[in-house]
Amino acid sequence: MSMENQGFVLDMEAGYFRNRGVDVMGFDDFYPEGHQSGVSVLMHGKRVATNGDIRFEQTPGQWQPVPKKMDRVLSEEENTITTSLRFPDESRHLTGFNPMIYPDIELNYKVIMKGAGESIDVTVDLEKPLPAEFVGHVCFNLELVPVGLIGKPYLMDGKSGVFPAQPNGPVKLQESMYDLPVLPVTAEIQTDRERLTGGHKEYNPIIADDIVAEPYAYGHRFVLCPDDPKKTLIIESFGLEMGLYDGRMNHNNGWFVLSMPLPAEKAEGAVKLRVTPVADPDWIYKPVIQHSQVGYHPDQEKTIIVETDPRDTRRDEAVLFRLTENGLKEVERKSGTEWGKFLRYNYILFDFSDVKEEGLYKVRYGGSESEFFKIAADVYERGVWQPVLEYFLPVQMCHMLVREKYRVWHGRCHMDDANFPPLHYVHVDGYMQPKSSLTKYKTGDHVPGLNKGGWHDAGDFDLRVESQAGESYILSLAYEAFNVNLDVTTIDQDRQITEIHQPDGKNDILQQIEHGLLTVLGGWNALGRLYRGMIASDLREYVLLGDPTAMTDGVPGNADDRWVFTEDNPAREYMQAAFLAGSSRAMRGYNDTIASQALEVAEKVYADGRVENDFARMTRLQAACELFLTTRKDCYKEYIIGETENIAAHADRMGWIACRVVHELGDEKFEAEIRKAMENVKASFDELSAETPYGIPYRPKIWGAGWDIQRLGFQYYFMWKAFPDIFSPKMMLSALNFVLGCHPGTNTSSFASGVGTRSATVAYGINRVDYSYTPGGVISGTALIRPDFPELLEFPFLWQQTEYVLGGGSSNYMFLVLAAREVLGLG
């Protein structure tokens with residue numbers, strides 16, 4: 001139905017309020033620690049405010065208590081969204097990933113949002129008044145999205161201010177909620193509160209309320225960006241005084257927050273706000289032109305996608321220009337093909353595949369203009385896949401001094417790895433040590449031999465076994481498939497020094513495979529089993545922003561050493577066996593000792609034999625396939641053939657694994673069954689791909705889908721190689737174009753940092769605090785603000801949008817580019 005000129009009306013199908021170019025959402029998303037929840041305001045194509053909800057701190061961060069969402073009711077008749085929530089969420093109290101410390105209070109409440117003309121009225125009803133000891137601790141907060149706010153003005157009760165580039169004092173000292181009684185712990189395996197808080201003796205990221213920024217302003221009427229009609233947001237509080245807080249004072253990744261303490265002795269109407277986003281009646285979403293930021297090979301399909309407002313009925317021609325020494329020259333103009341609606345936008349496709357002349361091009365449509373992109377036979381030959389090996393993996397290398405001419409990326413870190421953790425313990429990052437050490441080591445013992453090899457995973461500096469072995473495996477398969485040979489880096493394992501752009505006469509990809517195997521095999525040799533991972537033992541160390549050499553003192557055996565976790569998990573261990581078996585082949589003739597050790601460990605792990613769930617069945621199959629390709633032993637062949645029925649039944653997950661050996665086993669019945677199963681997989685891919693204008697299976701979620709799409713492209717390659725008559729290579733090329741810029745939303749950056757005309761140069765990596773990037777790192781990508789808003793902010797602290805990762809992100813991307821080269825006859 002039309003939403004024009006009638007104020008905020010609840011769209012029952014979408015599940016949120018609409019008013020021309022402004023939308024207000026209520027608790028459809030529920031990811032508060034990721035700044036996606038509560039009352040959220042989208043204005044003219046951008047998210048402006050979010051996380052409107054009750055919290056226990058004015059500026060909460062990642063580890064502060066969040067409520068549990070109980071119920072959400074939409075009423076078309078009342079024009080309301082009513083959400084019921086409660087504290088505590090016992091499932092998160094001192095246990096699991098991102099453990100939180102909940103105070104001993106039961107707080108049930110409702111947040112009622114009601115469309116009221118040009119405003120949304122927000123009311124919070126408590127089940128009962130706050131206990132006296134919690135008055136002053138419990139707040140209603142509304143967070144302001146910080147992107148684009150620096151230097152922008154605000155008003156509070158007429159008093160003016162500008163959002164500063166850095167948090168400015170003075171600070172405010174206040175009683176901490178953590179000094180109050182804490183909820184009893186019921187989880188079987190838990191985090192130690194004393195260790196988590198550091199005894200509350202100094203700064204700790206889990207305590208966010210003892211020292212806060214003195215608010216920049218207090219008042220009852222706040223106006224955001226009164227100078228910009230597309231961003232002007234008015235917040236009025238009826239009764240409670242608001243403070244404008246700077247969350248960066250507590251957390252480097254903090255946001256600006258409007259916060260008001262809940263009153264004493266009041267339950268119904270404890271909070272009453274009026275939210276008025278000023279809607280521009282003439283605003284319409286400007287068309288977004290989406291394309292590969294790298295460009296296209298002359299023989300490649302070149303579909304340009306234009307994303308438009310559903311209210312925009314205009315249909316212009318898209319005009320393609322080529323850059324000449326005299327400027328832009330029109331090459332072709334054409335009408336597009338209507339694709340239809342996806343998420344909240346309409347899409348029009350323009351096919352310029354007939355253009356093959358080499359050069360730099362751009363497209364104009366409806367007042368919008370694309371970035372430059374290249375059409376050339378050498379489009380993938382320099383600075384596209386190479387930065388993964390040239391920059392990203394060298395920079396991520398642990399236990400190495402990493403230099404690039406004048407620059408030191410980081411020092412020789414974690415040379416004191418590692419100590420054994422407490423038993424029956426859960427780490428803040430989700431690592432869980434069982435009741436037994438599973439080794440000869442006891443809690444606090446130093447485990448020698450772990451200070452070689454490995455890569456830091458994203459910005460957390462941890463070494464998960466699957467990211468280490470998995471990275472080596474993907475690189476090994478790329479080496480096997482494409483004969484990768486690149487030498488731009490010196491990697492000296494004896495001196496533990498890496499020099500970027502200093503060739504050493506050795507193939508970089510083999511040196512990186514070796515580096516990953518060094519940590520996995522080092523763990524096996526030290527522990528007598530695979531490690532689960534190595535990670536900072538202390539939360540303050542875990543959140544380190546800066547050179548990782550500052551995390552520990554490099555002296556083995558003291559309290560600041562990282563911990564090395566173990567686990568008894570056959571499913572994960574079979575996965576590592578597959579990775580080691582595959583990597584051992586790449587090491588033959590380069591480092592035969594490591595090749596032999598990797599194969600030996602893989603066979604020992606495989607011999608465990610326990611298959612306790614479907615995941616273990618899949619990973620043991622993968623191990624058997626890689627071990628067969630490495631050894632050609634009949635025992636592995638027989639196991640694979642014995643799993644034929646299971647593979648066929650779960651071909652969507654296991655088919656690509658079987659495709660790696662289907663023509664190697666010499667079993668016609670197996671081949672026939674797998675072929676039949678893969679025909680069904682292809683039909684499923686076609687059905688899912690038809691749901692989006694991007695030609696790939698893509699169902700957006702809170703986390704950006706870039707890594708998933710790259711992994712699918714990696715797996716699809718083996719399906720295509722096994723059955724080229726079933727699988728077209730087109731989906732691999734579409735997946736690559738998606739990663740390189742052809743994806744939904746206004747930010748059309750390449751997910752691969754430093755790759756393409758426009759790319760993700762603000763990312764969640766080791767240098768994120770500097771709003772910088774690592775070339776060749778590949779971010780998680782465009783995320784979904786539920787239910788239908790695609791978002792990719794140029795902001796380094798949203799892991800669900802801009803994080804790098806090891807064990808698949810960048811290496812799968814590199815594999816995908818190399819696969820595209822093969823498809824186009826360039827390999």
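Biologist: Is the crossing of helix 8 and helix 9 left-handed or right-handed?

Modeller: In this predicted model, the crossing of helix 8 and helix 9 is left-handed.

Biologist: What makes helix 8 oblique to helix 9?

Modeller: The axes of helix 8 (residues 614-631) and helix 9 (residues 634-642) come within 8 Å and cross at roughly 140 degrees. Roughly antiparallel requires an angle over 145 degrees, and 65 to 115 counts as roughly perpendicular, so helix 8 is oblique to helix 9.

Biologist: Which residues of helix 8 and helix 9 meet?

Modeller: On the side of helix 8 they include Arg617, Leu621, Cys625 and Phe628, and these residues of helix 8 meet a set in helix 9 made up of Tyr636, Lys637, Tyr639 and Ile640. The residues of this contact divide into 8 nonpolar, 1 polar and 3 charged.

Biologist: Why is the aromatic pair of tryptophan 563 and phenylalanine 565 called edge-to-face?

Modeller: There are 45 aromatic pairs in the structure, and in the pair of tryptophan 563 and phenylalanine 565 the planes stand at 70 degrees, with 6.1 Å centre to centre. Planes over 60 degrees apart count as edge-to-face, and therefore the term applies.

Biologist: How do you know that tryptophan 563 counts as buried?

Modeller: Buried means under 20% relative accessible area, and because tryptophan 563 has 5% relative accessibility, it counts as buried. Phenylalanine 565, with a relative accessible area of 0%, is buried too.

Technical notes
Residues numbered from 1 in each chain as written. Predicted model: local features only at pLDDT ≥ 70, side-chain atom pairs only at ≥ 80, totals over all residues. Heavy atoms only, no water. Axes fitted to C-alpha atoms, helices over the stretch in contact; angles between N-to-C directions. Helix = DSSP H or I, 4+ residues; strand = E, 2+ residues; numbered from the N terminus. Parallel < 35°, antiparallel > 145°, perpendicular 65-115°, else oblique. Left-handed = near helix turned anticlockwise from the far one by under 90°. Contact = heavy atoms within 4.5 Å. Nonpolar A, V, L, I, M, F, W, Y, C, P; charged D, E, K, R; others polar. Phe/Tyr/Trp six-rings, centres within 6.5 Å; stacked < 30°, edge-to-face > 60°. Buried < 20%, exposed > 50% of the residue type's maximum accessible area, 1.4 Å probe, protein only.
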